Structure formats: structure tokens, C-alpha cells
Amino acid sequence: MKERVTYILSRVLELMITLLLVSLLTFAAFSIIPGDTARTILGPSASPEQVEALREKMGLNDPLLFRYLSWLKGAFTGDLGNSTSFNQPVSSLIISRLPVTFGLSFLSLCLVLVISYPSAVISSRRPGKFWDQVFSVFGHVSFAIPPFVLSLVSVLIASKLFGYFAVGKYASPSKDFGQYIYCLLLPAFCVAVPKIAMTFKFLRASILTEKSNDYVRTSKSRGLSDIKIMFRHILPNSNVSVITALSIVLSDLLGGSLIVEQVFNLPGLGRLLIQAIGRRDFPLLSGIVFYLAAMMVIVYFAADVLMNMCDPRLRKNRGDSL
Amino acid sequence: MSYSKYILQVKDLSLDFGSESTKTLHDISFDLRKGEILGLIGNSGCGKTMTALSVSRLLPKDARLTSGSIVFDGKELMDHTEKDMRELRGKDIAMIFQEPYTALDPLKTVFKNLEEVLTEHEVLTKDERRSRILNMLKRVGFDEAEDILGRYPHELSGGQRQRVLIAGACLLKPKLMIADEPTSSLDTITSMSILELIKSLCAEFMMSVLFISHDLSIVGGFCDRVLVIEKGRIVDSGNAFDLLYNPKNPYTAGLLSDSRLDPKSLDLKFNKPSFSSECSLRVKGLSAGYESTHGFRKKKKDIIHDISFKILNGESVGLIGSSGCGKTTLTRAICGLLKPTSGTITDTKGKLGVVFQDPVMCLNPAHTIRWHLNEPLKANKIKLTKEELNKTIRESLEAVGLEKDILGRYPSQLSGGQRQRIAIAMCLMINPNLIIADEPLSALDTTSGARILKLLAKINTERNTSILLISHNLRVIRAATSYVIVMDQGRIVEDGPTLNVLSNPQSEITKKLLLAETTLHRNPDKGQFMTE
Amino acid sequence: MRNKKISPYYIVGGILFSIIVIACILGLLGVGPDPEKTSASSKLLAPSASHLMGTDNMGRDLFARVLAASKYTLFISFAGVSVALVLGTVAGMLAGYFGGIWDRMIMLLGNSIMCFPGILLALVAVSVSGPSLFNVIWALGLVFAPTFARVYRTEVIKIKGRDYILHAKILGVNPIRIMAVHIFPNAFAQIIPAIVIGLANMTLSESAMSYLGLGVQPPKASYGKILSDAQSYITAAPWLVIFPSLMLVIYILGLYFISEGIRGDK
């Protein structure tokens, strides 16, 4: 029990340090701007008085450490000030765009799980045989297609063949949930395809490794059928190693969503991000970047804890590797 | 169904992997009586495992049984479907395997691991399953069976895991147990107790055992009858006594002499140093251990405590102990890889050579042999002219009996024995006072092992180099050392001249090791053969 | 050499990869019309003998633009991976070899960088410092470095425990030499598939960045930029989407197959 507590404490401490580092990286990325930030925002036509006023307003005249600390305080209390281009609080802007980006990532994660698990199980039943070959070739090719290219091509195909215009269509989930899912389905598919291939490949390899393990032979010698062994022993064991891979997949799906939103013209965080970049709206930009990264920190943390719960070998004797 | 005294009758069994050229088993025929232990002996790749797997039909996917019949308990197994076979497996035919470390599902407790045998073949309540498993765990020697039930496999030792597996195999009192090298990865003492356990269970349940092993010498006291297999054919068979005392077949005789490391036939001569000579190594009151992190605190735990001994110039000293006794920690401390907590190590001349156990890992795969031989000089900042260098390399190679053309090769192109020699040659490059050899034989086959031992003897006598030989094999220690130190649980429990210690052991651990050694390799009694 | 069949992955991957290399060489030699020359009279022409892949909305020859783009793509992917590899090697070797506090600090920093989903961090860095070839390369290099550092760290930890390293330590070889001469060559062999995959991922990221307008700047051509320009004409001139997409997929698939081949050899 004591070991559990120290483990959780040390993990939480690590979580805090990572969050701090992430905030530092985000802040640093915006502080390395060569020249005057206020001038960059306002453009060359602004008068020196306007620039000075903005500098004062954004606190640019304060020392760097002070600016970081006040920014950090804002970041953790959810108050990152006003967006310079939208004239709205950064946090409310971000919240208003969340349904699209999170919906897209979540839907694509579902697609990844629903497609990669069955195909990996079928594929690893008879490695090298027909179905394995089919799935593997599909996997190889789809791994190589960038999500935004797939989006463009599927937009082309959908509009030419089915007369389905996916671009720019969106319904808010509170208004029409069915329509919301319907609009996000094609974008989610485009985000998911390469990651389906990645998960499939990882899962297949993991299942095959587990399959060659001795405990499978033990269970076989006890008279268990292949299917029972697959669900009772092989899948739980490979899940342990897949958890980490899935957390990385989730991060990639989120990254992919940001870009695919742009192709489908969906009002999500990705669009907001590009708009913020275009208008050099640094408060908004830093808010989006920090909150997305902070969310991933928590996802990785959750994955690590989950893995620890699943695998008794990780629970004890941590650090005693010698 | 008529009564038969045989539980298993295999006739003209042939097996291949898809074509005639891949034929692995040729017309294997044998019978196994009820309650009998039958040994199936042969070198790796001879087909002994395939024979056993054919019986339980757990063959690899591409293997085909081309002909023959397998009659188990009066029923022809060749006609059985996979579903019929599944019903037999675990219930009537149980199996245990070589590697107990990985044979249990690591995510499930012992109870969950064993429970599936019962859920698969019988309808029982959870409490009934629990009590059956508890009883069986007690039977295989767990005094605190309740505690074992809730443990995870990684919390058990190798011997404990093998016991758990045996308990699982015996839960339904099978008629036949197939044991595939069940003791090969266990140490001597544990092996002995596992074999004893199988033997007693066999008598208690009237169970027959098909015992597969590569070591002919250990089956002597264990099996009733023995079959010797070579290249997929049975070349010799008979009761264990006849086969071991009077091997008629030359192949059997060869196997037998390979597995008995006979010191006399090796013609080993080691230095007998006088007691007045100087020490090449003196260890005084040494304690050492590793640091481990618990949360935020660091703890240092000593593995070895208060070790004192000395090695005289030109002396050959043995270090005995079972696994986990602290041998490795001691070596590391002597080599300076580990900072001692207390105590001193006086390495009077400072020149030390080390030979490790695993010849695969001892050389760097990215570099040639010439580079390897040069490295000790570079590390010691010894600058030689090209001629001197070539001379030293030639001498070292000659000393270990290798040709010059080996210099340009990479480690992957050498055999295990050759690599071990290169490791010794690397030591010789700096002309050390002491060579520490950590289980140098255990990863080699018997012939190469004997050669390495001879080589160490030659270096010892010709160069007057001291040797510290670490081994758990008492026969090696007996053959190659004049003085011996016995370690147990991080302390020296006994030391003295080798012959004295081994003929008149004082400490518990030495007695145990000796007993296990003799029991494992004991000769069969004539009267042991089962009669009905 | 043992008599072994060359994996079909190598052959297919090699062919696909060489298509891009040839395109790149042609681009460097300046074959065909000027990729940056606009022409009001030849807008959105379908592929024909004079314009192999047709023309875009500004009348530029798509074939020439694709050749020019492959030049930048190849350069950025190799340069970016080199930056990532150098950073990753140093960080990974230090973390793996010394362990302890070094390991913790380096891995924490690496993990923090990896917490930014996808290429978010590179996007921000480039948008803040201004899109240019140089900025794209170092930003992507920084984002990819932790991946290499991780692979190195795992390898070094594995190799560190082997007997030949112990032996070198016993001989008294200094740590820098152990890392450089004893560990590095063995670890590097394991890194090669990661490098090839890194090239593919780098290309994916670069094209996504230039699609968003933060990569190679116009009038220079890049796959992502061509595709984002083409988006408005997607139904009128589908060739503008098809050809660059195809080239991009060919390059990535080629690299991917080569890495599969290398993996299969092990």
C-alpha cells in the first residue's frame, strides 16, 4: 500500500513538472520573436504611440520572468486575457470550438479501435496467409497517405460520385446531434485512416509476440480453444503494450484533426489556430497551444496509470531494476 | 474396451514439414506402461519434443503427421478431431514445459491461472475450485498455499512456478503427464526437488510420465526406461540401468561421456603455489550492494557482507554458490564496477582479466577481432610499435590456440568456444596477474567447455597467472581448483582446499549442493524397474 | 553474403523512392518550363503533351512545379531528420548511459515536447519566427528529436548491460570512448529503420505545414502549397489534386517499404 502511495505521488509530481515544462516551452516559443511583438501584431502602418499603448496593455514592458509567471497564473486559472483579433476572452473562444475538434478526435479514435482490433485479430490468426496479406497491404498503403491529402481526394470523390458536398457542412451537437455526427464522419475517417494502419500494425505484432509466449502453450495443453486463449490471455496481455501506443495515436489524431478541419472548413480549434496565426493573435495562439498540450499531458498520465493498473509486474519493485 | 497394461502405444509415427526432405520423425514406435516413467533422450533438434507434441497434437501449424498410430488409453488418437483432443488435454494428458518463468499468464494470479483447468473440464462452484486448487498446491509442497493463491507469477521463483505448473497439470489427476525438459532452466537443488515431486505424484496418482531431456546422466535415477533418439529415429532403448551401465550403442555411449565431465580424462594440471608466495588479490571485510529508489528516497542494500579471502600468485581458486548467493556482486566489486560499502580490495599488481559466462555477449558485434585485441592496450594507454603489437597479438592468439586469419573477422562469424577464447586472449594482451572467469563453461557444449578448462590450466601453469573460477558446477571446481570458497546469501560459509571441502563438507549449502549433484547424477538401482 | 532473396519490400520501396529522386534531379537541372512563370492564356489546362500534368489557376506548368516541389521536399526531409538525429543522438546517449538525474531531465524535456499533438509546436515556432526554409527545418528537427532520443536511450540501456561494455569498463576505458566506440556503432544499427520512418514522417509534417501556408513560401513550389491552391478548383481541375498527392504518397510509401525491408532483414 505504501508503495502504491509513493508511486502515485511521484507520478503526480512528474505530471506537474511536465505541465510546467510544457507551459515554459509554449511561453518560450512566443518570446523568441525577433523584434517587437507589438509592432509585429499591429503591422508597419501603426504609429509609435499605438505600439507603445499595446506594449503597455500586453505587459510587454515587464521583465520576462514576471510576464511568464503572470501568464502561467492566467493559464492555470483559465484566464488568458482577450484575443486581440476577436475581442473575446481566449477561454470562451476555445470552449466554443471544442465540440468540433474533440468530436472529430473522439470519433476517429472510435473508428481506429473498431477497425484495427478485429482486423488485427483476424490477421494474426494465420500470419502470412490470405487475410493477413490483404490487411497488411491495406495497412502499408493507408499509412502513407497524409490525412489532408486523403481529405482532398475523398472530397473530390464524394462530390463527383455521390454529389455529397462535405465541405463547410456543420451542425452544432446541441441542435442536431445526428447531423453533427453525420457531418464529422467523413473528416473523422480521413484523420483515422493512417492511424488505423498504425494501430493495426502495432496490435498485430503485439498479438503475435504474445502468441509465441509459453503461457499460451500452457493454456493449450490444458485444453482451451484458440478463441478462448485469444480473449482470455492474448488480448489482455497485448492491451498492456497497446495502451501507450494508443495514447500516442490519440495525440496524432488530435494533430490530424487540426489540419483536416481546415480542408473541410469546420469551425474547430484547427481553424481558430490558423486564424490566430494569420492575424498574429498571440494570446489566443498561446492559449490554444498550451491547453491542447496540457490535455495530452493528462492523457499520457492516464495511460501510464492505466497500464500500471493492468500489469501487476509494474506495480511492485519499481526502480529495482538491478 | 479391453484392459491393457499400456497407457500409450505409438506405432510407426512419421512427421514432416510439408515435404519428404523435411521429415523429422521416422517410424517412431514405443509403448508406455501405466505408472511408468519413460525417458526420451536426445540432443536438441533430434525430434524428441516433436514426438511428445504429436501425442497431445500441439504440433506447429505446418507440421504433418504422415503415418502411424497413437493409441492412448485404448483409443486411437489419430482419428480424434481437434475438439476431441481439447477434451483430453489437461484432463487425461497433462503437460509441463521447460521454461517456468514465462509459462504462466503474467497478468493473472496463481488462482486465476490454475482455475481455467477446472472451468474448462468440470462444472464446479467457485468454492469447490478454490479448495481443489488449495489442496493440490499443498500437495506439491507449498506450506502456505493460501498465500500463493493470490500471488502473481513474477512474485514466485523459478522452482515455485514449476511447482504451480505441476499442480495445474495434476489438478484433474491425468493418466499421462508429458514433461518437456522441466528442470533444464533450474539450478541443481531445485531440479532435484522437482524430479522427486514428479516421481511421488506419479506413484500417488498411478500416472505415467513421458520425460524428455537432453541430459542422459540425470535420467538414471528418475526414469524406469529410456529411449534414445537421434535424427528422428529411435536408436537405442532399454531399461535405465542397462543403458547407463552398459551402453551397447555407440551413440548412447557418446552422449553419456559428454554429459559426465570427467576430470581425469581431461588431464588437467594446475599450479600448486607455496604459501609464502605473494598475493595477487586480497579482499578484506568487503560489503557491497546496490542502490535502489523507493519513491523519492534512495536505499542502499548490501548483497554481500564481510567477505575476506586472498588469492596467492599462481593459485587457482574456485568460488561456489547457488544462484543469488552474491557471486556476481562480488565479481563486480573486485573489478571496480561497484563501490564497496566497506572493506578493502588490494589488487597488488593492478592487472586483471575477466572472462564472462555468455560468449554471445562478451564481444562487441560492431568491431573486428583485431580491434578487440587492441582495445585492452589502448585502455591501459600502452603504446607499442607496430612490430611489438603484432608480436603480442600473435603470442596471445597462439596461447589460446587460434589462427592468425581470425583477426579480420567479426564476432558473429565465430563459434561460442572461439569467442570465449578471444575473450581470454584479450585478457592475455595485458599479461594479467589474475583472471576472473565467471561461469566460463556453462554456455558452451561439453567438448568446448573442456577445452576452455584446459586452456585456463595451461595459462595458469605456463604464465603463473592466478585464476578465480566461479561456477556452480562442482565437477568443474573439483577438476580445476586447488582452493575453494563457498558462498551463501552473501557470506562466505566455508573455505579450504578443494578436495577437503568437497569430501568433508561442513556448511549446509555445500552439503545440499553435493547431495543434489549426486542425486541428479546417481546411478539407477537395478530393482527400480516397475513390475506388475 | 549468404544466398538470400532480396525482400520484395526493398524492390518496391527502391523503385518508388527512385521516382522521387529522379524527379528531384530533373527539378535541380531545371528540365521543362519555368515552374514559377505564370501565364494568363493557359489557366487550368488539362494534362496534354505540352503540359504533362496540366496547368494551375495561374497558368503555371504543374509538371515543372511538381519537379521543383520534390526538390524541396527531399531537401527538407533529409535536413530535418539530420537535425533531429544529431539532437536525439546526443540526448539519448547521455540519458541512456548516465541514467539517474540526466536521464530524468532529458526524458522529461523530451516528453514535454512530445506532448504537443502532431506538429503543433513546429507550427507555432514557424509562425512566430516567420516561415522560411531554415525555420521549417530546425522547428521540425526539434519536434522529431525526442523520438530518436527515445530509441537511442532504449538501445543504449540494452547495450550498456552487455558483457563487452562491462569488460571495457573493467579495462578502464573512459565513458566518452565507451559511448562513441563501443556503444554508438551497435545502437546506430538499430536506429536505421527509425531514420527512414523519420524521413517519411518529416515529409508528412512538412507537406501539412506548407498546406497551411507555413512551409516553403511562394513562389517556390511545394506539394502542400500546390494542394492548398488546388482546393478551390477541385471539381474543375482534379488533376491539380491528383498528381501532387500521388507524388507525395509515392515518396512516403517508398520510404515506408524500405524501412519494412530493413526490419525484415533483422
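Modeller: A disulfide is counted where two cysteine sulfur atoms lie within 2.5 Å of each other. By this rule the model, which is a predicted one, has 0 disulfides over all chains. Cys202(B) illustrates this: its nearest cysteine sulfur belongs to Cys170(B), 9.5 Å away, and Cys202(B) is in no disulfide. Cys202(B) is also buried, at a relative accessible area of 4%; buried means under 20%, exposed over 50% and partly exposed in between, with a 1.4 Å probe and protein chains only.

Two points of convention are needed before going on. Residues are numbered from 1 along each chain as its sequence is written, while chains are lettered from A and ligands numbered from 1 in the order in which they are written. Local features need pLDDT of at least 70 and side-chain atom pairs count only at pLDDT 80 or more, whereas totals for chains, interfaces and linings use all residues, and side-chain values use heavy atoms, leaving out hydrogens and water.

Let us now look at helix H3 of chain B, residues 110-121. Helices (H or I, at least four residues) and strands (E, at least two) are DSSP runs, numbered from the N terminus. H3(B) is mostly covered, since 9 of its 12 residues are buried; among them are Val110(B), Phe111(B), Leu114(B) and Leu118(B). What do the buried residues of H3(B) pack against? They meet helices from two chains: H9 (214-221) and H10 (226-264) of chain A, and H2 (82-88), H4 (126-139), H5 (145-149) and H6 (158-170) of chain B. Contact here means heavy atoms within 4.5 Å.

A salt bridge is a side-chain nitrogen of Lys or Arg within 4 Å of a carboxyl oxygen of Asp or Glu. Glu122(B) forms one with Arg132(B), with the closest N and O atoms 3.4 Å apart. This pair links distant parts of the chain, 10 residues apart: Glu122(B) is in the loop between H3 and H4 of chain B, and Arg132(B) is in H4. Glu122(B) is partly exposed at 29%, and Arg132(B) is partly exposed at 29%. A further salt bridge joins Glu146(B) to Arg130(B), at 3.0 Å between the closest N and O atoms. Here Glu146(B) in helix H5 and Arg130(B) in helix H4 of chain B are 16 residues apart. Glu146(B) is partly exposed, at 49%, as is Arg130(B), at 33%.

On the scale of domains, whose bounds come from an automatic or database domain assignment, chain B has domain 1 (109-171), domain 2 (266-351 + 432-520) and domain 3 (361-431). The C-alpha centres of domain 2 and domain 3 of chain B are 25 Å apart, and 14 residues of domain 2 touch 13 residues of domain 3. Buried area is the accessible area (1.4 Å probe) that two parts lose on being put together, summed over both. Domains 2 and 3 of chain B bury about 1,200 Å² between them, with 64% of it on carbon and sulfur atoms. Pro432(B), Leu455(B) and Arg463(B) supply 43% of the area that domain 2 buries against domain 3, more than any other three residues. Helix H16 (residues 446-463) of chain B gives the most to the side of domain 2 that touches domain 3, with 8 residues.

Finally, consider the interface of chain A and chain C. The contact takes 45 residues from chain A and 39 residues from chain C, and the two chains bury about 3,800 Å² between them, 81% of it on carbon and sulfur atoms. His140(A), Phe148(A) and Leu152(A) supply 16% of the area that chain A buries against chain C, more than any other three residues. This interface has 1 salt bridge: Glu260(C) pairs with Lys201(A), the closest N and O atoms being 2.6 Å apart. H1(A) gives the most to the side of chain A that touches chain C, with 9 residues. Over all chains, the structure holds 28 salt bridges.
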